[in-house]
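Hi there,

Here is the structure I promised to pass on.

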Amino acid sequence: MTSDGYLADCRARLAFDLLANTWNSVVLWALRDGPSRHVELRGRVGGISSKVLTETLRRLEFNGLVERNVHAGTAARVTYELTPLGRTLLGPIDAFGAWAFEHGDEVMAAQERHGG
């Protein structure tokens, strides 16, 4: 792919859209250690409403990145976990997080200089 391919290739745009939504990356990262129930996941993520978490999980499931599992029993229990495809995004998310940690102060300084 050429550098201009990122502008024209809908697959590249799809990838950027997946990581552009803040909650997508955060929820994927929160699931890195294994399956989690909705309430556990919400506590781990912090700052996300139940409604937004549900929407995010549905979006990630729709894109094949998260699997919803219903466990039978007296009280049905639902857990969410990364699919193998979802696990492939952990590396890029980690790299982006490392970049933010290294350069975040520079970005915030630039924002302040521009009145943000």
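This is a predicted model: local features need pLDDT of at least 70, side-chain atom pairs count only at pLDDT 80 or more; totals for chains, interfaces and linings use all residues.

Residues are numbered from 1 along each chain as its sequence is written, and side-chain values use heavy atoms, leaving out hydrogens and water.

The protein averages a pLDDT (the predictor's confidence in each residue, from 0 to 100) of 89, and 91% of the residues score at least 70. Helices here are DSSP runs of H or I, at least four residues, numbered from the N terminus. Where pLDDT is low, the coordinates should not be read in detail.

Now the side chains. There is one salt bridge (a side-chain nitrogen of Lys or Arg within 4 Å of a carboxyl oxygen of Asp or Glu) in the structure. Glu55 makes it with Lys51, and their closest N and O atoms are 3.8 Å apart. The two sit four residues apart in helix 5 (residues 50-62), so about one helical turn separates them. Lys51 is exposed at 61% relative accessibility, whereas Glu55 is partly exposed at 36%. (Buried means under 20% relative accessible area, exposed over 50%, partly exposed in between, with a 1.4 Å probe and protein chains only.)

Happy to talk it through!

Best wishes
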